[in-house]
Structure formats: C-alpha cells, structure tokens
Amino acid sequence: MSNSDLSTLSLLSWIDVARRLSVVPMRMPPFSSPDCPPPGLIASEVFWTGLILTLEDSSQVDVVTKWMEKIFGTWMMFVDGVPFIKLDGPSARPLLSVSFEFIGESHAKKMYRPNASLEGHRVYTIDYPNRECSLPAVVAFHSVKGGVGRTTAAMAFAHNLSDYAGSTRPILFVDADFEAPGTSYLYKTRKPNVNVSLEDLLALAHADTSKDLSDTVDFVAAQMLDQRIGNMFVLPVKRLMDDLTGFTIRPEHLVSARRNQPYLIVDLVRLLAKKLNCQLAVVDLRAGLVDVALHFLTDPSVERVFVTTPSGQSVNALSGMLKTLGNIESQTGSSGRQPFVLINQVPRVHYDDPVFRGELQARLETLADAAFFTSLSSGKDQSSEDAPVLDSSLAFGFLYHVSDLILSADDWDAYLKDLDRTNFAANLKAEMEGWASSRFSAPEVLIENQVTAPERSEACALLASFSGKLEFAETVSEVQRPLITPPLQRLLNDFVQNPPVTVIEGTKGTGKTLTFRYLVEQETWKKASAAMGTEVKPSFDGGFLPVLGSVNSSENMQELLGAGRARIAGILGTNAGLFSSTTAAIRNGLSEKWGVSEWTDFWLESIAKAVGVDSWRQFVGLAQTVDGLRPIAMFEGLEEEFTNPYTDVVQADALRALLREVPIRLREEAGRPVGILVFARSDMVEAVIEQNVQQFRASYKSYALTWRDLDIQELVVWLADNSGAMPGVWTPAWRSRLDSEREADLRSIWGLKLGTDAGNEARSTEWVIAVLTDLTGRLTARDLVRFINQAAFASKDQAAIDRLLTANAMRKAVEYTSKQKVDEYPKEVRELLPIFQKLRSISDLATPFDRAEAAAKGIDLLELNLLEKYGVAYSDEGSFEVPELFRIGLNMKRKGARPNIISLTRKARERAKI
C-alpha cells in the first residue's frame, strides 16, 4: 500500500498516523521516490500521546515539516506555529502533537529487520544486507488463506524436484507452519520418532555463540540423518506434535540476537541444506503475513511460490499480499525474485476457458507490475538500447480441481501415491517446469553446444551472413531445405493419391516465397516429399509448373521459374511460354475490366500457355497422356501484379477468381489431372473473399503459414546449425526433445536471461518472442531472421562466455527489426499507411496514451481501432500501449513505468485466443 492509497483514509487514531508513516521509503537515493524523507530525518516514533521526530539538528525542522505536510496533507495543522495532526475518532485527544528531538550528526545506520507487525517506531536510514542468490536454492511456498492446497503443492513440487534439477541429490523439506503442520503429521506416520525440529534449530541457533553457527548446523544435520525418507530430508515444525501452543522461541528473538543478520532464519535453512548435500530446500510457510513467512518472502535470495484458488476472497487476499511485498521492496530499494503464482482448485469449466484464465492472470500481473519495486527510472525516456528486459513480475500456473485429494490418505507413502494417481504431481510439474528449470538446473552440468571463446567471433559472423541471405527469399541464389514447420509437414503428408488444390495463406514475412522457391527447386511433388522425409511416398510425380512468381526483384528467380516451365513443356513435347506473356495478359485483363468469369477462364488458360498450349482443355488432355505427371500449377507474388485489390474492383475480381473459382474448377476435373498451389497474402485474401471468409480459410487452415512459439524457437536453432555457427545443434527430431534439452540448446545461443542467470532480467526466449510479436499474437519468420542477423553481427566483437549472442546486441537488434517492420507493414496493410505516416510525423506522442492524447495529435477513433485491429496497439481500459516491434520504428517515446512486454504479449494473445 502506498501513500497515495492511504491519502483518502481518515486518521481516526495514532495507529493511522503510524500506518501512513510505515509506507515511507526507508532508504535514501539512488533509490529515491517522491515520498522519500529529507536528509537529516533519522527516525519517528508515534504513541497515543504524540509523534516524535528525531533529527540531526534544528536547522532541518522546516524542511522536515514541509515533508510532513506532503505526507499528511490537510490533516496537518499549526497552532501558534506548533505542528499538530488532526484525528477524526471519538478521542479525548483530537490533535496529535508533533515534537522534535535532536541527536546531532550521526552516520550510524540501523540494520533492516523483517517485521510483519505495524510499529510506531520507524527508522529512515538503514543498512540493507547484500542478498545475492547462493546455493542451495531456497523455495518458499506461501498462501494468504488456508485451505488452498499450499502444502499439497509444496509436497508435489518436492516430489518432482529431481526431474527439475537433473540431479539425484536429496531435497530438504522444512515444515514452517507452526499452527497447521500438515507435513509434520504425515512425516510421523512414516517415522514416529523425531530427533530434531525447526523449533529446535531456532532455539539452538539463538544460544550459539559461534560466528557462522556451525555448531548448530553440524548438530542438527547429524540428527537429521535419520529423518530422510527416500530422496527427502524432512524437518518437522516441532518434536511434540500434540503441543501446538506456538514456538517457544520466536523468529524475532533470533534476529535480535544477531542484529547484523536480518535473514538469519533463511541462512540457517540454506546452511543446513548445504551441510546435508541437498540440491535445494523447500519451505512450507504458515498462511498469512506472520514473521516467519516475512523472513522468506522479503529475502531477495529466496524463490517464492504463492498458492491461491480462483475464488474472490483468495485472489483478493493474494492481491493484498503482493501490495504489501511491493511496499517493502520500495522501502528497502531491493526487488525480490520473480514469484510463481499457482492458481489451484480451478473448476474444470473455468480451467478450460482461456478468457477466464487470461483475465485473472492479467489482473494479478498488472497489480504486481505496479506494486513491485524496480530500479529502472520511470520518469525518463529510455532509448532503444534500454528496451524493457526485466522478467515478468509473476509467473503463472493453473491446476484444475481434483476432488480425490479432499479425502487424501493420512499416510506418507499413500499420500505420495495419491499425488501420482490423481496426476496432481504430473500436472504441477508441467505448469512449473519452465519457471523451475530456469532456476534449479544442476550447476555442475555444462550447457550443451557451448561455443568456446576463440570460436565465437567466427560463429557469429557465419550466423549473421547466413541469416542475412535468408531475409529475402527472392534474392537467394539457392534455397536450402527449409525448416519443416507443422503447416508444411501437413501439406506434404496430406496429398498422397491426388495433387494438392490448396491456397497457402500467410502474412508478409512468414515464408511464402521461400517455400515456393524450394518446392520449385525440387522439381516435383514426389522429390519434395522425399527431401522432407515424409513417411508415405506420393503415387504421382506432380511436376511443379510456375505460372506466376516474384520475378521482378531477382534474375535468379526468373531463371529458376523459367526452367520449371521448360521442364514440364519438355515432358509434354511443347515449347514453354514466357513470363512476360503472362504478365502482359494480366495487364490487358485489368485494362479491359474483366469480371470473375472472364478471369477464371484466363487463369486456366494461363496454366496451359505456360507450357505453350493454347487452351485449358487441350492442356488437360495432354497432361493425361503422361502417366503419373499430374502437374501442379504454382502461383506466387500476386502483390506484384495486383497492388490494390482493396479498392480496385477489377483486381479484386481477378484474385477472387484465382483463389475461389479456379480451385473449384480443378476439383471438378475427373481424376484430378492437375493440381494448384496459390501462395497468397492474408490481407489480400481478406480483401477479396468478402462473404464467408472464415469458411474459406477453414478449408485451408491446416496449411496456413503461421508461426507459433515452438516454431520460432526451432528456427533459431535451425539457423545456428545450418549457418555452421553451431553444427549439430539441430536435428529433424529437435521438436521431440525434452523441454529441458531444447532449453539448453537455446541457452547456448542467447543465454538463459538477458543478464546473469540469477538476475531479474527477462528470460531470453520469452523476451525475444514478446518483442517480435504484434498485439494480435502473430509472429513472422522474417522478423526473427532479421533480428538474429543484427544480433549476430553486433555480437562478433562483444565478449560472452556462456552464449553466442550477447544481451546488448539482442536489445540493439530490436531497433533495426522495428524500423524494417514499420517500413514494410503498411505495404501489406494499406489502411495503415496514412496512419503510420501521421504517427512518424508526431514528435511528442509517447506510449502508453489515451484517446484524448491521440485526438489532440490528430489520431481519430477509427484510426485507433485500425491500430488495434492490426496489432500495432493494445487497448486496455482506454489506454493504448504500442509494442517494441512498432514503437521504435514509429519514433515513439515511452513514458511512465516500464512496460512489461512479456505480460503485454500474453494478455494480447489471451484476448486473441492465440
């Protein structure tokens, strides 16, 4: 809760005064904020009798008083120059006096201490410990409300843990729920005698005079050798489970005894796990904001898992917890590790509803984005090199309600079997694997395919050169075997007995020309199928006959397609027609304003004339004389001849005839003697198929060139392998590898995170996909290839020991990719051209912006709707956010707090149901 949240809360008593002061940041600049106390204010202490402010000297009274007026507003008043705070409760003291105490200049700072209670005493200059992540990792499971399945999730997580970490080393499980110790009760069914407990650990450490507490740790570790069950050491909360009167020693007692170690309890658990040679420790915390929980939840070195149900009460309680943790982060100027939020016990009907899940996730993520501390400046414009690279505020998982676990066994072994039998453990593993594997991979395992330092520069150069050549398929001298994505795989597998009659739709940059070129280079459907390793061989040759292609931009392309025509003509004993004759006939049809019927006849005749045959009927008869030929007519590069089908009726009719009427005519031919493949841009399909466009698209949906996250990931690895930068990293079976194996390959290319593995920077794979995705959830291969080209080129001269591409080079590559995208996209979506021109001419429109700001700059409602329709902007409650893919190219600044691009992409995809 911030001061702005409290500003509308009445001050009924001195408690409210203490509460308002409790949210003031405790650290000084560089972790500054508008509410940061002025220099010279040491502490404050409030009682029912008054508020005492401790200052260095009297010269600071005026500046501190002005600061107090800012904090308390009109509740602050002066009587004869003496400050008071008005109280609104039924009190005998309607005014709380404010007095000052001077102690002289002091450089001493008090060590920070986690505290779950509201205290009247506040210190504003503190020392905060340096809490670097160290091994073994500590994972704390917490819930604000009880009964949400926190202990069940913690047990299942520990049960799965050896799979996450890739190690057979044991796990330390600590039951820290001293009021409802579920795991401790389960443990006693397996091993009735408890040698040592968490309560004992705290009590022994409190009396331990050794600096490193080694005596306590050694003793407890020795006692715990008998408390191992399978791969898990268990530290119950108490030895006497019938006594739940609370801890004999409180956490604050232990911390007070070691004033310079505020996170001593966490350190004890970590030291114990290390002594027992555990890979990590799992701690099941007490529900609610209690002191033991706060020690783990506010320690930046601890991994946090919050368990909740989707019920309103539980979600609201978690929201309050996230705000509280954000307030503590802001006070201390230190952000914690990215928490994992497990939304458990979701009714199946809601679990299967992506809208429900997306809205719930967006609600919590938006709250966390606003609440959690970030050291990035929020008030300054950031350059493209400072594009947001922080990890998402929260990671999420969803589990549906498992009624069988309500009556789960009260026996340790039977309980674990229930977790497996109900698939709870397996489902939890699937939901948490991405988050967990990035944190708990065994440190002794080297990253596969790691490039040694002397080879990095050469490898980057190879990758840059190769990806640069693939940016435009029209100009490549020879196309290698392309990456077989599911649409292409389905295309080649689905047509075995008859040649395809298919429209292959895709946005600009999805690989239409590359696929077209490669197929033509293979000469026949049968050869293409064999080259791509399809399981069943076609029963026909299916010679490719290029009728139209992108010949204007490349002499190589024109020669290739001419050779394709000549090959089919040679088989039929005719002389191939010229491309110029086809394009001249198209221009003639446009000038004579043909209708759909005339265009349909023209397209069929164009297929025939491509091999020097005068009529369609003659061509079909001739093709049937060659056993197994069954040629496949190929059409690509339609945008070169039909530049404006959006408003030109004749152009629209021409495309409508090719996309809809010609396939119907070919299917009517007995025995399907001729096939057809039409590569068409999505915007052109939508423009000319005015009725039942969704039904039309459904017919060819399986072959549409769409790119999913896994496709993009595989393309990166394919580029690294085929360029020679990292030979052997990719195989045709790469998709079928384990998630951890695929992640290791990607880590060798661009690292786990855009920074150190233990840092708060975003995970590289998620970030790349987010910055290259528009806000309709679409990715294109060309954007990825461009990005890799620039990142590889810039990485040649930058040092890195654990990855091929450096984080700085990847951030910089976004700028080039965005500028190219903004130049190309309006050529595909003509409606955007005038809007983009307008946006690029505006020098002071920053994102996010609202409708009023847009209107003031001349952007009307229709234009905003078009920006949202085509994924250039995302509207959320009247505020429009522009993603990095377009923002930089449109010369737009950023304002306000950092945008969480990974979260933004996820919300956009949920809305689009991608």
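Select Pro546 first. Its bridge partner is Met634, in strand 19. Strands here are DSSP runs of E with at least two residues, and helices are runs of H or I with at least four residues, both numbered from the N terminus. This is a predicted model, where local features need pLDDT of at least 70, side-chain atom pairs count only at pLDDT 80 or more, and totals for chains, interfaces and linings use all residues. Residues are numbered from 1 along each chain as its sequence is written, and side-chain values use heavy atoms, without hydrogens and water.

Now select residues 544-548, which form strand 18. Strand 18 is mostly covered, with five of its five residues buried. Buried means under 20% relative accessible area, exposed over 50%, and partly exposed in between (1.4 Å probe, protein chains only).

Next, the cysteines. Cys278 has 1% relative accessibility, so Cys278 is buried. Cys460 is buried too, at 0%. The structure has zero disulfides, a disulfide being a pair of cysteine sulfur atoms within 2.5 Å.

Last stop: helix 6 (residues 198-207) and helix 7 (residues 214-224). Their axes, lines fitted to C-alpha atoms over the stretch in contact, lie 9 Å apart at an angle of about 155°. Angles run from 0 to 180 degrees between N-to-C directions. The two helices are therefore roughly antiparallel, the term for angles over 145 degrees. Show Leu201, Leu204 and Ala205 of helix 6, then Thr216, Phe219 and Val220 of helix 7: these residues make the contact, meaning heavy atoms within 4.5 Å.

Methods. Two strands pair if DSSP finds at least two bridges between them. Angles under 35 degrees count as roughly parallel, over 145 as roughly antiparallel, 65 to 115 as roughly perpendicular and the rest as oblique.
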